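I opened a new notebook page for this chain. The entries below record what I looked up, in the order I looked.

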Amino acid sequence: MTLHRSLVFFFLFLSCFALSSWALPLCSDSRAPSEVNSTLSFCPYKGKTCCNTMEDSNLMKQFQAMNISDKGCASVVKSILCAKCDPFSSDLFRDNLDQQSVPILCNSTSSANSTEDFCSETWETCQNVSISGSLFAASLQGRAGAPANNNASKLADVWQSKTDFCSAFGGASSNETVCFSGEPVALNDNDTTPDKPPSGLCLEKIGNGSYLNMVPHPDGSNRAFFSTQPGIVFLAGIPDQDSGGVLDVDPSSPFVDLTDEIHYDTEFGMMGMAFHPKFAQNGRFFASFNCDKSKWPGCTGRCSCNSDVNCDPSKLTPDSGSQPCQFQTVIAEYTANGTSSDPSKAKNAKPTEVRRIFTMGLPFTSHHAGQILFGPDGHLYFMMGDGGGGADPYNFSQNKKSLLGKIMRLDVDNIPSASEISKMGLWGNYSIPKDNPFREDKELEPEIWAVGLRNPWRCSFDSSRPSYFMCADVGQDTYEEVDLITKGGNYGWRVYEGPDLFHPDSSPGGNTSVKSLNPIFPVMGYNHSEVDSSGKSASITGGYFYRSETDPCIAGMYVYADLYGNGVWAGIETPANSGNFVTNRTTFSCAGDSPMKCSDSPGTSGLSLGYVFSFGEDNNKDIYLLTSNGVYRVVRPSRCNLTCSKENSTAARRKPSPSSSPSSSSSCYKHINGFHGSLVVLFVSLSLILLGLLN
């Protein structure tokens, strides 16, 4: 092995252990912190917090019942109780998420770099103080043996020594975790979040095809799958940066052709595809598409307008000449097994369904989204629009029994029996992940991960911080938005459009009270008037956090665009890890040495993207724009004579091995438990830029 290869493997090894900075503020139940107008009455939190006034009151009652006579100890115990309200409580309670009694207390002995020792302070302040119903009466953290006396009220009677106590409850902060120091968690100011907008994006054209989806090959190679809206999937080789090459794709030899099952029209077609994280071993992949039950017998799902959601399909007005639920949304599973002894080497797959995962009839002919993707937790996320009809007249997005206007999370690895599926009332062959937010809530459907979306298109996880799950959501009349999706979150539609109240012209399905909502407002977005003076032609195309090394001046920014090619934006999180973003509209231009001629904007010398249908990314985390004028890739700024002081045009780029099994990023991810939003993730140098498409 050469020295160069040795160094590459050495740094890839390190990347699996170099963890990112703190994750998104998140509560211990994996929900987003909510905004409170003033400081809580008992706990010293204001702004975004994980406690409402009732929870704050309950903590006060719990504290009062402890009857702590010593003021110093009382102050310490109060701060520990109130840690449940901290916006980073998911990370503070990461070792005790089920019982949620004591956060990880900062302990200087746990790390040579720690200067805080709140665990020792707690012991020394409270060791001889009586505490009724003490939080510390059991080894909840699981890092020490059984306490000396479970019935005692003093720490010294329960724990044999400070060492035992802090072995159970102590821990340290680092780049990847936080501990509780007795004060609200402060933001990590050492984050490398960019501090100024880019001078522009430099693009090169590498393909002429018009695609709706791009998915990097799960084996980590320099290949990717591209799919068209009619339903043809191609496997293409991707040229190296600065090579002058173009996409290596054979139009006459698709990976799979699904057009026989798919109904294709302006609003319909193959809307998403996803490859199982272990595709290189099991050959499983999935397609999300629309079908017409009047033309295909396999298009036989339940209608989403049904008695469970107080909707009668016979009373719906036919839309564009079609009947309610004539068109359906489908997720189907396929396999590359049988076409090659090694699925990662398969060049084609059979167009025969292995399993029908999901089928549901659509009430109208628009707003059905349809993207699917596997999250870092290994589950399949399914984005569903409100069903259309103009301003969601039946209020499906807020209807607790409807799957329209929702993000779903499905387990496609554990398939129940047919009788169990029928008994549970599922829409196909999948199971409900145990930690789905509404699994045990009889008022909401268990598939739901988030509610209140209009037409999410597209969504993606940040590879450096998978708790950052971003979705663009198409607006109605005035505002296009980007949402930071959290477990159980409600994103407001149809009560709100973006940050503003929405007033529908008609509501045959009823309305949802503003007071009944605790909406999560967009973190980014733009008004229609910013891209079109008439305020009509605007539709957001969601993006990715840029994690490639190619353009260091947009590293860490979230990039998204408008469908009509009217604008591209870069969002900068300010301050770091806060969930607050400042957005900047940025210019884009074509590299003078682009391997294919870029399309010019009529009447100008500028680049015309046409329609920006979607974004994509490869295994190097380079970004691609999938447009009506072809496939464009973000390249070095200097190729467009753009200034970027961080650029090093001679830096060697790492390239994934064409025959490797899962990429280093995937190999690291499989060890991550992704259901807690505070996941601290393996920081691979080839990170990810979240992108997506909008309808």
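**Entry 1: whole chain**

Among contacts between residues at least 6 apart in sequence, I find that 67% join residues at least 24 apart. The model is a predicted one. I note ten helices and 32 strands in the chain. Of its 695 residues, 58% are buried.

**Entry 2: nonpolar cores**

I looked up the largest nonpolar core, which has 45 residues. The members that touch the most other members are Ile-68, Ile-80, Leu-105, Phe-136 and Phe-165. Two or more residues each come from helix 2 (53–65), helix 3 (71–82), strand 3 (105–106), helix 5 (118–126), helix 6 (155–158) and helix 7 (162–169). Helix 3 gives the largest share, seven residues.

I then took Phe-165 and listed its contacts, leaving out residues up to four places away in sequence. Phe-165 touches Leu-105, Cys-119, Thr-122, Trp-123, Phe-136, Leu-155, Trp-159 and Gly-170.

Another core, of 37 residues, lies apart from the largest one. Its members include Ala-274, Leu-316, Tyr-394 and Tyr-430. As background, nonpolar side chains in soluble globular proteins tend to be buried together.

**Entry 3: helix 3 against helix 5**

How do the axes of helix 3 and helix 5 cross? They come within 9 Å and cross at roughly 140 degrees. The two helices are therefore oblique to each other. I record the crossing of helix 3 past helix 5 as left-handed.

On the helix 3 side, the residues that meet helix 5 are Gly-72, Cys-73, Val-76, Val-77, Ser-79 and Ile-80. On the helix 5 side they are Phe-118, Glu-121, Thr-122, Thr-125 and Cys-126.

Is Thr-122 buried or exposed? Its relative accessibility is 0%, so Thr-122 counts as buried. Not counting residues up to four places away in sequence, Thr-122 touches Val-76, Ile-80, Leu-105, Gln-127, Phe-136, Leu-155 and Phe-165.

Next I traced an open sheet of five strands, in the order 29-5-32-31-30 and with mixed pairing. Strand 29 (588–590) and strand 30 (612–617) are the edge strands, each pairing on one side only. From one strand to the next the twist averages 35 degrees.

Strand 5 (residues 201–207) is mostly covered, with seven of its seven residues buried. It pairs with strand 29 in the parallel sense over three bridges, and the bridge partner of Leu-203 in strand 29 is Cys-590. With strand 32, strand 5 pairs in the antiparallel sense over four bridges. There the bridge partner of Gly-207 is Val-631.

Strand 31 (residues 623–627) and strand 32 (residues 630–634) run antiparallel and are joined by four bridges. Leu-626 stands opposite Val-631 in strand 32.

Strand 26 (residues 558–562) and strand 27 (residues 568–573) pair in the antiparallel sense over four bridges. Tyr-560 stands opposite Trp-569 in strand 27.

**Entry 4: backbone angles**

I noted two cis peptide bonds. The bond from Trp-457 to Arg-458 is cis, with omega near -5 degrees, and Arg-458 has its place in strand 19 (residues 456–461). The bond from Trp-493 to Arg-494 is also cis, with omega near 15 degrees. Arg-494 sits in the loop between strand 21 (479–485) and strand 22 (496–497).

I also noted positive phi in residues other than glycine. His-367 has phi near 55 degrees and is found in the loop between strand 14 (355–361) and strand 15 (372–374). At 13% relative accessibility, His-367 counts as buried. Asn-641 has phi near 60 degrees and lies in the loop between strand 32 and helix 10 (664–669). At 73% relative accessibility, Asn-641 counts as exposed.

How values were computed:
Residues numbered from 1 in each chain as written. Predicted model: local features only at pLDDT ≥ 70, side-chain atom pairs only at ≥ 80, totals over all residues. Heavy atoms only, no water. Core = buried A, V, L, I, M, F, W, Y, C linked by side-chain atoms within 4.5 Å. Buried < 20%, exposed > 50% of the residue type's maximum accessible area, 1.4 Å probe, protein only. Contact = heavy atoms within 4.5 Å. Pairing = 2+ DSSP bridges. Axes fitted to C-alpha atoms, helices over the stretch in contact; angles between N-to-C directions. Parallel < 35°, antiparallel > 145°, perpendicular 65-115°, else oblique. Left-handed = near helix turned anticlockwise from the far one by under 90°.
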